[in-house]
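Please find below a short note on the model under review. The points proceed from the overall dimensions of the chain to the contact between its parts.

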Amino acid sequence: MKVFLAAVLFTAVAALRFDGDQVLTLFPQTPEQLRMIKEIGDVAGLVDFWKPDSAELVCIGQAVDIRVPRHFLKTIKAKLGLVNLHHETKIENVQQLVDGQFDVKAKSPRNSGYDYNVYHTYDEIVQWTNDMVNEYPALAQRAILTTSTEGRDVPYLVLGSSIDNPLFVIDCGIHAREWIAPAFCQYFTHRMLSQYGVDSVVTNMMDKMTWVIIPILNVDGYSYSWTDDRMWRKTRSNYGTVCSGVDANRNYDINWSGEGASTNPCSDTYCGPSVESEPVIKASSDHLRQHAAVTKAYIAFHSYSQVFVYPYSYAYEDTANADQLFTLSENASRVIYETTGKSYDWGPGYQSMYLVSGGSKDFAYNLGIPLSWTIELRDTGKFGFILPESEIAGNCEEMFQAMIVITDEAIRTPK
Ligand SMILES: [Zn+2]
């Protein structure tokens, strides 16, 4: 009995496990198959949409990745069979990937100094922001964007040889489970600081722009993805509903609650009870609004898919500078291919991804920030959100090269 109780108590505080869960790729071709996917998606907790972000966004002719919990596999596969919906098993056992994600840390657990090739917890990243300003006081400043719903600070760093240059704003970790994004923000920051005065390209980037880096925007969700549920995406707020969390990237004031956002609190694309309901999004929006007049570029880093997504996503509409964004994304993508051989796609959101209302890059663009992207980092689905640490270095290197291309254009773009 004691053993049983201990097991129950342990389960209550341990992180969710994904033993036997599979990720299936579906290829809906008919309205009937589409309806079936949406029907499956309507039942809260039955499956977890990896791509697109929720059942509402599924379209005929576009591949869909879903994580199916082990005990629902039989039911789901039977349902797919009913409408002859073909599927491929992309990931055989999700827990195996979760167990293997710390593959760099496992090899060198006692690495001295801050290791940019491993994933870090919220607390470690907060400490790291302090360490950066202490180590590079002439090039880095630190501030707190806001306090989250659960009372966590959201620190950010301002980098550059001057704080009076045009701004380049970057945020990472708006979606909790996309751990490679905060890893990139940390790598990028450290490379800019440590290579200033050493590497002429970095020195120029730091002399011509002022950088605002928010290493983790959705701090509550990110912490929760470490302690409770590796697959968590949303914030951790609750407005009196059965399901918790708001999709922070549907909460911005741009066609809020429109197409590509859900009003169902149990959906992974829930837009929230009101626009900017999430303290972190209110603060991010205010910051962008306050500095829009001097901001040339904005990027939100996400995963996965390897895509440069530029506005618009909330409508089938192109921006006035669509040609510039197309060419720049194409050039950045080419540099990545030359660096690591990885292929990145690009295009306006409505075409390269799917419709999204209330997303940050459309919001930023409409504030007058001309170069605005959501960038989806590695991979294309082999590991999905559970990208192993051994991929961090390569992903950061290729994206740093892309950032050089983008910054070059940002410097030349009038404001
Ligand atoms: Zn995301």
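1. The radius of gyration of the chain is 21 Å; a compact globule of 415 residues would have a value near 22 Å, so the two agree. This is a predicted model, and the figures in this note should be read accordingly. Along the principal axes, the C-alpha atoms fill a box of roughly 60 × 55 × 45 Å.

2. Of the 415 residues, 49% count as buried. Among contacts in the chain with a separation of 6 or more, 75% are between residues 24 or more positions apart.

3. The secondary structure consists of 14 helices and 12 strands. The chain is divided into two parts: domain 1 covers residues 2–100, and domain 2 covers residues 108–412. The centres of domain 1 and domain 2, taken over C-alpha atoms, are separated by 27 Å.

4. How many residues of domain 1 are in contact with domain 2? There are 20, and they meet 20 residues of domain 2. On the side of domain 1 that touches domain 2, the elements giving two or more residues are the strands β2 (48–51) and β3 (64–68) and the helix α4 (94–100). The most is given by β2, with 4 residues.

5. The composition of that side of domain 1 also deserves mention. Its residues comprise 11 nonpolar, 7 charged and 2 polar.

Definitions and conventions
Residues are numbered from 1 along each chain as its sequence is written. This is a predicted model: local features need pLDDT of at least 70, side-chain atom pairs count only at pLDDT 80 or more; totals for chains, interfaces and linings use all residues. Domain bounds come from an automatic or database domain assignment. Two residues are in contact if their C-beta atoms, placed from the backbone, lie within 7 Å. Ala, Val, Leu, Ile, Met, Phe, Trp, Tyr, Cys and Pro count as nonpolar, Asp, Glu, Lys and Arg as charged, and the others, Gly among them, as polar. The radius of gyration is taken over C-alpha atoms; the globule rule is 2.2 Å times the number of residues to the power 0.38. A residue is buried if 20 or more other C-beta atoms lie within 10 Å of its own, exposed if 12 or fewer, and partly exposed in between; C-beta atoms are placed from the backbone.
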